[in-house]
Amino acid sequence: MILRSLLATGLLCGLLGPALAAGDPILVLGNQPETLDPYNTNTTLTTAVTKSFYEGLFEFDKDLKVQNVLAESYEVSPDGLTYTFKLREGVKFHDGTPFDGNAVKANLERVLNPENRLARYNQFNRIKTIEVVSPVSVRITLKEPFGPFINSLAHASAAMISPAALQKWGKDIAFHPVGTGPFTFVEWKQTDSVKGAKFAGYWQAGLPKVDSITWKPVTENGTRAAMLQTGEADFAFPLPYEQAKALGDNKKLKVIAQDSIIERYISMNMLQKPFDDPRVRQAINYAINKEALAKVAFSGYASPAKGIVPAGVLYAHPMQAWPYDPAKARQLLKEAGYGNGFETTLWSAYTTSTAQKAIQFVQQQLAQVGIKVQTQALEPGQRVEWVQTAPDPKTARVRLYYAGWSSSTGEADWALRPLLSTEAWPPKLNNTAYYSNQEVDALIAKALVSTSDAEKAGLYAKAQEQIMKDAPWAPLVVEQNLYATSSRLSGVVVMPDGNIDSRQVAVAP
């Protein structure tokens, strides 16, 4: 069976795997989680796994619309500063601790404590106070109006962790998740799998529909595809684009391709020569054929990025993609004093086959204008140590960095502020270009406190135009989400931001 025009199949890569047990689906992902603490990751697929164990006050549906979960309703004061939440009654954490206002307060105070150095601190740092009005009511006051606040609470990182478990495990909660979600934690074999078991006390009647769930990280594209073909997996994401046609003809599989809000880009460390020169950054943009990249690395399941924020994100401002013009690139390099080119490094945030193809293609493109690039795909530990937690911007080793991002809150703030504001330099967030423009910072800050959609749209448009002019990135492509499920599986959906909703997962007998 097939959804979208995906064609024929064929290759069963080797041996048939063991038959899957009824009610125990295996879901295969392209990256391994680096933690099971949802507050301490910026990796979308990591939070796809943690959502098995955790829930927040709100969530996004498949169209990135906010839905109530552990909060039944909320009210906002006229000045936009105070939010009062009515909490769902009768919910318990996996360890039997009641979910209540104290749990909300404990979780938010934990992420707000700078000594904890949690990755998601900046997502919540506009909170001024958290007051427990009653066991089923919480009042949160902000330092200033913050339009995307509810969206931030709907993000998968804004999970409710058992306060008792936080006390018991401390930082090791990263290895012992205890939430209110449909599955209780069984084990994490860090390079092999994360397993959860059905939570008999789950508050949503009729869920979960399976006895267990297993997430398996498999970085090699072909292996993920083969596991689907042989029946060793019920779900795989992302799929190798080049094998979409081959997988699509298998009647035991359903292959789905859909638009995403995931943009791939290369950041350039502007604190280091030669990337401190805008002519060099512009040259790199001109040197890369994005149309060809979409075909070579993504088999056509991507399109050239038209700006900094992809379509589908609220307040995205589409612009002309950088044209492919290697002659212009060589001219700019000569003007900048690099007529003979230079040598540098290109790191990838991912080890997937698609990422390897992408950086190899970029390497070849840059070589044609005289830039010699050494490539390296970083393992998760290297990515965290060398890039995400680099303590001193002046000595950060990153130069060119292939990465991707989706605004998991569904609006432009989270597409810009964590990646391109001055406050987002590592180790705080992910401005790996070490880009700093006071005008852009001011535009983002003003948009955050605005209550006018028209004003926000104008402010974000100006910010995006200035960023494109400054060229801290080479925006590459916006990819499609391509995934597949076995015919027996239902209830698993990949969302536009690349996260996964598996709460309704079910398998046919």
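Select Lys86 and Glu72, whose side chains meet in a salt bridge with N and O 2.7 Å apart; the term denotes a side-chain nitrogen of Lys or Arg within 4 Å of a carboxyl oxygen of Asp or Glu. Lys86 belongs to strand β5 (residues 82-87) and Glu72 to strand β4, so the pair ties together parts that are 14 residues apart in sequence. Helices (H or I, at least four residues) and strands (E, at least two) are DSSP runs, numbered from the N terminus. Lys86 is partly exposed at 36% relative accessibility, and Glu72 is partly exposed at 32%. Here buried means under 20% relative accessible area, exposed over 50%, and partly exposed in between (1.4 Å probe, protein chains only).

The model is predicted: local features need pLDDT of at least 70, side-chain atom pairs count only at pLDDT 80 or more, and totals for chains, interfaces and linings use all residues. Residues are numbered from 1 along each chain as its sequence is written, and side-chain values use heavy atoms, with hydrogens and water left out.

Next, select Glu59 and Arg503. Their closest N and O atoms are 3.0 Å apart, forming a salt bridge. Glu59 is in strand β2 and Arg503 in the loop between β20 (500-501) and β21 (506-507), so this contact ties together parts that are 444 residues apart in sequence. Arg503 is buried, with a relative accessible area of 13%.

Move to helix α2 (residues 101-112), where Glu109 and Lys105 are 4 residues apart, about one helical turn. Their side chains form a salt bridge of 2.8 Å, N to O. Glu109 is partly exposed at 38%. The structure has 18 salt bridges in total.

Turn now to the rings. The whole structure holds 24 aromatic pairs. Rings of Phe, Tyr and Trp (its six-membered ring) pair if their centres lie within 6.5 Å; planes under 30 degrees apart count as stacked, over 60 as edge-to-face and the rest as tilted. Select Phe58 and Tyr74, an edge-to-face pair at 5.6 Å centre to centre and 85° between the planes. Phe58 is buried, at 2% relative accessible area, whereas Tyr74 is partly exposed, at 36%.

Finally, select Arg397, which lies over the face of Trp386 at 4.3 Å from the ring centre. A charge sits over a ring if NZ of Lys or CZ of Arg is within 6 Å of the ring centre and within 35 degrees of the ring normal.
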